[in-house]
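Subject: A model for you to look at

Hi,

Here is the structure I promised to pass on. Please open it alongside this note, and my findings follow below.

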Amino acid sequence: MQIASPMPVAILTGLAVMLLFVALWRRYGARDLVESRLGEYGQVLDTGASSARAARRAPQSLGERFGGSLLRLTWAEGLAAALRQADLPYTAVEFALLMLVLGLGLFLLGTARAGLLMGIALGALGLFGPVMYLRSRGKRRRTLVADQLPDVLTLLVGSLRAGYGLSQALEVVADQAPEPSRDEYARVMRAVELGLPLQQALTDMADRIGSDDVDLFVSVINIQFELGGNLARTLETIGDTIRDRIRLQREIRSQTSQQQLSGYVLVGLPVFLAVAISFISPGFIDPLFQPGLGRIMLIAMIILEIVGYLIMRKILDLQV
């Protein structure tokens with residue numbers, strides 16, 4: 001029997017893919033939940049104990065090995081790291097499932113309203129839109145933590161000069177620092193309470209945040225552990241240096257904000273107009289997708305848009 005419309009086939013295919021992701025998540029994502037949660041605060045189990053458990057573990061079946069390999073893909077590890085950096089309460093599998101559902105929904109909506117090509121465009125937007133939001137949220141959080149670092153160092157220096165040890169001073173920071181710095185230092189202290197060395201917990205925090213200023217702060221503490229010295233005076237000097245650097249970065253951002261907005265408008269306005277026109281008058285822009293001059297103009301426009309945006313980003317990428 002011939003199907004009159006491709007829509008039922010697309011819906012059934014999408015549901016099948018969703019069920020596959022849900023099945024993999026329920027089958028393999030829930031295993032070793034405690035160990036995965038502890039992994040957010042660092043590796044607290046020693047290598048010898050882990051090797052002994054691995055040796056006692058029963059041989060895995062082919063399906064278990066396949067599922068474990070799927071969840072250990074490079075993109076999954078990078079996505080999990082980005083989720084931790086953005087402080088979103090999702091696992092990599094959950095976020096990937098959300099991307100798939102959103103992309104499929106927009107693909108079906110665009111196909112039903114304006115044809116297959118518009119459905120592909122909206123599906124790609126739904127698929128990669130969450131990734132763009134994730135990167136934007138992570139960047140904002142990283143910038144906020146870096147901007148709060150001078151105040152955190154001032155609080156830390158005051159605690160050290162009051163006679164506190166480094167661990168006690170970090171506890172004061174975890175209690176009194178503003179968000180999101182308070183959450184990051186609270187994670188450090190929880191990792192220490194779980195048995196992770198303080199140096200490793202701070203290094204994991206620096207890797208999670210991804211800020212040069214935080215890396216400098218953690219490096220100074222690690223060097224102090226090895227060589228000794230007046231940590232309070234060193235941190236005070238670093239705080240003054242970071243404060244001057246942040247002030248310069250804010251001046252640069254204020255001077256380049258108009259150009260950054262122009263770049264966003266350059267990319268977003270044509271896409272917004274194309275989607276709006278397709279919904280208001282379906283079929284109006286179909287000549288652009290047909291073979292001939294229209295398709296050549298469309299491809300050239302997309303290439304020029306991408307090149308212009310990349311050039312503008314390169315110009316505004318000022319390192320301090």
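Apart from neighbours within four places in sequence, L144 is in contact with E179 and P180 (contact means heavy atoms within 4.5 Å). L144 is found in helix α7, where helices (H or I, at least four residues) and strands (E, at least two) are DSSP runs, numbered from the N terminus. With 39% relative accessibility, L144 counts as partly exposed; buried means under 20% relative accessible area, exposed over 50%, and partly exposed in between (1.4 Å probe, protein chains only). The C-alpha atoms of L144 and S181 are separated by 8.3 Å, although these residues are 37 residues apart along the chain.

A word on the basis: this is a predicted model, in which local features need pLDDT of at least 70 and side-chain atom pairs count only at pLDDT 80 or more, while totals for chains, interfaces and linings use all residues. Residues are numbered from 1 along each chain as its sequence is written, and side-chain values use heavy atoms, with hydrogens and water left out.

P180 lies in the loop between α8 and α9, and the peptide bond from E179 to P180 is cis, with omega near 5 degrees. As background, most peptide bonds are trans.

On to the overall picture. The chain has 13 helices and zero strands. Of its 320 residues, 28% count as buried. Among contacts in the chain with a separation of 6 or more, 64% are between residues 24 or more positions apart.

Now the helix packing, starting with α7 and α8. These two pack at an angle of about 135 degrees, with their axes 9 Å apart; axes are lines fitted to C-alpha atoms, for helices over the stretch in contact, and angles run from 0 to 180 degrees between N-to-C directions. That makes α7 oblique to α8 (angles under 35 degrees count as roughly parallel, over 145 as roughly antiparallel, 65 to 115 as roughly perpendicular and the rest as oblique). The crossing of α7 past α8 is right-handed; a crossing is left-handed if the near helix is turned anticlockwise from the far one by less than a right angle, and right-handed if clockwise. On the α7 side the contact is made by V152, L155, L156, S159 and L160, and on the α8 side by L166, A169, L170, V172, V173 and Q176. By class, the contact of α7 with α8 has nine nonpolar, two polar and no charged residues. Here Ala, Val, Leu, Ile, Met, Phe, Trp, Tyr, Cys and Pro count as nonpolar, Asp, Glu, Lys and Arg as charged, and the others, Gly among them, as polar.

S159 of helix α7 is buried, with a relative accessible area of 7%. Leaving aside neighbours within four places in sequence, S159 is in contact with Y164, A169 and V172.

How do α8 and α9 pack, and at what angle? Helix α8 (residues 166-176) and α9 have their axes 7 Å apart, at an angle of about 140 degrees. That makes α8 oblique to α9, and α8 passes α9 in a left-handed crossing. From α8, the residues S167, L170, E171, V173, A174 and D175 take part in the contact, and from α9, R182, Y185, A186 and M189. The contact of α8 with α9 divides into six nonpolar, one polar and three charged residues.

Finally, the charged pairs. The whole structure holds ten salt bridges, a salt bridge being a side-chain nitrogen of Lys or Arg within 4 Å of a carboxyl oxygen of Asp or Glu. One of them joins R141 and D183, with the closest N and O atoms 3.3 Å apart. R141 lies in helix α7 (residues 116-161) and D183 in helix α9 (residues 181-193), so the pair ties together parts that are 42 residues apart in sequence. R141 counts as buried, at 11% relative accessibility.

R245 has two partners to check. With D212, R245 forms a salt bridge of 3.8 Å, N to O; R245 is in helix α12 (residues 231-280) and D212 in helix α11 (residues 212-227), 33 residues apart. R245 is partly exposed at 23% relative accessibility, whereas D212 is exposed at 51%. R245 also meets D213 in a salt bridge (2.9 Å, N to O), and D213 is buried at 3% relative accessibility. Elsewhere, salt bridges that share partners join R141, D183, E184, R187 and R208 into one network.

Best wishes
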